[in-house]
Amino acid sequence: MQCARAWRGLSPLLRAAQRTPTRSYTAAARMDLSGIYPPIATPFTATEDVDYQRLEANLKKYAEIPFKGLVVQGSNGEYPYLTEEERVEVVRTVRRSLPADKLVMAGSGCESTKATVLLTEKMAAAGADAVLVVTPCFYKGKMDSRALIQHFTKVADSSPVPVVLYSVPANTGLELPLDAVTQLSQHPNILGLKDSGGDITRIGLIVHKTKAQDFQVLAGSAGFLMAAYCVGAVGGVCALANVLGRELCELERLCVSGRWEEARVLQQRLIEPNAAVTRKLGVPALKQAMEWFGFHGGVCRSPLQPLTEAETQQLRRDFTSTGWL
């Protein structure tokens, strides 16, 4: 326990400085993930180049919100459309701009195990405190528990930083099986899971089956954040936090302090806008909403298309009907 407390007391940058090639998992696995993380968007210029100036402007605003950290190069960062060099440089920019007490969790998932191992090492070198590794899915019919356990184990064995599993069936068409999660939770360098599926019974069962491993589960959406806290999740990686970050942090505070009635009222107000920027209208809607709330969202990289006028009006209604605009 003293080791765990000592590790949690170190800043992310100090933790990074103490990493060694010998893969000392004992301390790494004790990193405390509890809290709210926005999976930040990647701003682009009119010519679809990464706009680092606008990214840094967003980061300055996020630094003023009580987030535990940021997820960089997650689904909302349009990572499939960035080159490997861009993915790493975005992480490097975030780490350089973000206060030292904020965690940087970098998406390093690729389709092959070898590519994921290599990119994970580059993300760690760029300053990531942990990596978020999505399930490989192109050959989803062959991605059974045996394949996924082997994949994540090899990545975790090689990673200089702790690994967080990422299950996002809406994008991959593949849910990380429960038996695979349970077995992987025993790996000393696998810290937890971001579950974006929204099945609360599954989240509760994962928490129950991994409780002996100090395994940490993060809700993957603001729409079921309160419910996830009820069954033992420790935080959330929520697209809506890019827009309503303070409100998501307030919901976290209410849940952690047991003020469930107030939490319920706030959670209900967040459901419609969250659905609008996720499953209904996606990343283009998230970026549009960011513009309304004083952040730089801007265009998406092709082939993602901007919202139509009708979609923009629907998005505005989803925010105004709940009193956010």
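In the predicted model, Thr-120 is buried, with a relative accessible area of 1%. This residue belongs to helix H6, which spans residues 113–125, and the side chain of Thr-120 reaches the backbone oxygen of Thr-116 at a distance of 2.7 Å. When residues up to four places away in sequence are not counted, Thr-120 touches Ser-108, Val-131, Val-155, Ser-159 and Pro-160.

Helix H13 (residues 260–280) and helix H15 (residues 309–320) form a packed pair, their axes coming within 7 Å and crossing at roughly 150°. Because angles over 145 degrees count as roughly antiparallel, H13 is roughly antiparallel to H15. On the H13 side the contact is made by Glu-272, Pro-273, Ala-276, Val-277 and Lys-280, and on the H15 side by Gln-314, Leu-315, Asp-318 and Phe-319; by class, these comprise 5 nonpolar, 1 polar and 3 charged residues.

Backbone geometry was also examined in the loops. In the loop between helix H14 (282–292) and H15, where Pro-303 is placed, the peptide bond from Ser-302 to Pro-303 is cis, with omega near 20°. Two glutamates, neither of them a glycine, have a positive phi, which is about 70° for Glu-48 and about 60° for Glu-78.

Terms used: Residues numbered from 1 in each chain as written. Predicted model: local features only at pLDDT ≥ 70, side-chain atom pairs only at ≥ 80, totals over all residues. Heavy atoms only, no water. Axes fitted to C-alpha atoms, helices over the stretch in contact; angles between N-to-C directions. Helix = DSSP H or I, 4+ residues; strand = E, 2+ residues; numbered from the N terminus. Parallel < 35°, antiparallel > 145°, perpendicular 65-115°, else oblique. Contact = heavy atoms within 4.5 Å. Nonpolar A, V, L, I, M, F, W, Y, C, P; charged D, E, K, R; others polar. Buried < 20%, exposed > 50% of the residue type's maximum accessible area, 1.4 Å probe, protein only. Polar contact = N/O pair within 3.5 Å; in protein donor to acceptor, adjacent residues only side chain to side chain.
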